[in-house]
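Please look over the sequence and the structure shown below before reading on.

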Amino acid sequence: MVLPRTGVGIDVHAFAPEDDPQPLWLGGLFWEGERGLSGHSDGDCVAHAAADALFSACGIGDLGTHFGTDRPEYSGASGVKLLSEAARIVRAAGFEIGNVAVQFVANRPKFGPRREESQRVLSQAAGAPVSVTATTSDGLGFTGRGEGISAVATALVYPVSAHEDHATAPGPAKGAPHA
């Protein structure tokens with residue numbers, strides 16, 4: 001029996017300082033006229049949370065493991081590139097992607113008019129359906145104060161080959177007594 005696996009990813013980025021403006025990349029899209037996020041890469045917390053959820057579902061590390069600040073080749077990288085590479089890594093580990101769902105929390109930008117475009121870009125990068133929703137925090141916390149954006153994602157994957165590392169599967173260690 002093939003059992004699906006789920007994972008959760010969270011990513012948070014502060015808005016770049018006024019004296020060091022950055023472009024806003026969010027949900028795989030450029031947002032003209034919006035203040036950008038700071039980060040090692042492009043700061044696209046929607047794409048980053050999606051990638052992290054994929055890694056979590058497979059038990060193969062996290063965003064920092066694969067694209068951390070110790071990896072200069074990912075400095076300034078697009079979230080779409082990171083998500084695409086995450087999907088490649090997941091598939092190389094013997095999994096297929098069922099879907100990814102992301103919700104981000106922010107006061108801006110107004111996401112609804114570009115939702116379909118974002119979902120199309122991210123789904124293409126992942127090679128699987130990616131849905132994105134947005135909400136506010138009703139003025140509470142750092143997102144409510146307009147200091148940054150947070151995103152949480154869930155991913156569903158399933159093993160497709162014997163390549164899956166069974167050491168990450170739950171259960172007793174080899175040779176351990178059964179409860």
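## The largest pocket and its lining

The lining of the largest pocket is made up of 5 nonpolar, 8 polar and 2 charged residues. In this division Ala, Val, Leu, Ile, Met, Phe, Trp, Tyr, Cys and Pro count as nonpolar, Asp, Glu, Lys and Arg as charged, and the others, Gly among them, as polar.

The model is predicted: local features need pLDDT of at least 70 and side-chain atom pairs count only at pLDDT 80 or more, while totals for chains, interfaces and linings use all residues. Residues are numbered from 1 along each chain as its sequence is written, and side-chain values use heavy atoms, with hydrogens and water left out.

The largest pocket holds about 170 Å³ of space. Of its 15 lining residues, His40, Ser41, His48, Leu63 and Phe67 lie nearest the centre. Strand E1 (5–14), helix H1 (45–58) and helix H2 (63–67) are the elements that each give two or more residues to this lining. A pocket is an open set of points on a 1 Å grid over the protein atoms alone, where a 1.4 Å probe fits, with protein on both sides within 12 Å along at least five of seven lines; lining residues have an atom within 4 Å of a point. The volume is the space filled by probe spheres set on the points, which are joined across faces, edges and corners. Helices (H or I, at least four residues) and strands (E, at least two) are DSSP runs numbered from the N terminus.

## Aromatic rings and the charges over them

The structure has 5 aromatic pairs. Rings of Phe, Tyr and Trp (its six-membered ring) pair if their centres lie within 6.5 Å; planes under 30 degrees apart count as stacked, over 60 as edge-to-face and the rest as tilted. Trp25 and Phe30 make a tilted pair, with 5.5 Å from centre to centre and 50° between the planes. Trp25 is partly exposed at a relative accessible area of 33%, and Phe30 is partly exposed at 32%. Here buried means under 20% relative accessible area, exposed over 50%, and partly exposed in between (1.4 Å probe, protein chains only).

Why does the pair of Trp31 and Phe111 count as tilted? The ring centres of Trp31 and Phe111 are 6.2 Å apart and the planes stand at 35°, so the pair is tilted. This pair links distant parts of the chain, 80 residues apart: Trp31 is in strand E3 (residues 29–35), and Phe111 is in the loop between strand E4 (95–105) and helix H4 (115–126). Trp31 is buried, with a relative accessible area of 6%, and Phe111 is buried at 3%. Together with Phe104, Trp31 and Phe111 form one aromatic cluster.

Charged side chains also sit over rings (NZ of Lys or CZ of Arg within 6 Å of the ring centre and within 35 degrees of the ring normal). The charged end of Arg114 is placed over the ring of Trp31, 4.5 Å from its centre. Arg108 lies over the face of Phe15, at 4.5 Å from the ring centre.

## Salt bridges

There are 7 salt bridges in the structure, each a side-chain nitrogen of Lys or Arg within 4 Å of a carboxyl oxygen of Asp or Glu. The table lists some of them.

| Residue | Partner | Closest N to O |
|---|---|---|
| Arg71 | Glu73 | 2.7 Å |
| Arg114 | Glu117 | 3.0 Å |

Arg71 is partly exposed at 27% relative accessibility, as is Glu73 at 44%. Because Arg88 and Glu85 are 3 residues apart in helix H3 (residues 79–92), about one helical turn separates them.

## Backbone details

Most residues other than glycine have a negative phi, and most peptide bonds are trans. A cis peptide bond joins Arg108 and Pro109, with omega about 5°. Pro109 lies in the loop between E4 and H4.

Asp138 has a positive phi, near 50°, and is a residue other than glycine. Asp138 is found in the loop between strand E5 (130–135) and helix H5 (141–144) and is exposed, with a relative accessible area of 71%.

Ala93, in the loop between H3 and E4, is buried at 14% relative accessible area. Ala93 and Cys58 are 35 residues apart in sequence, with 8.0 Å between their C-alpha atoms.
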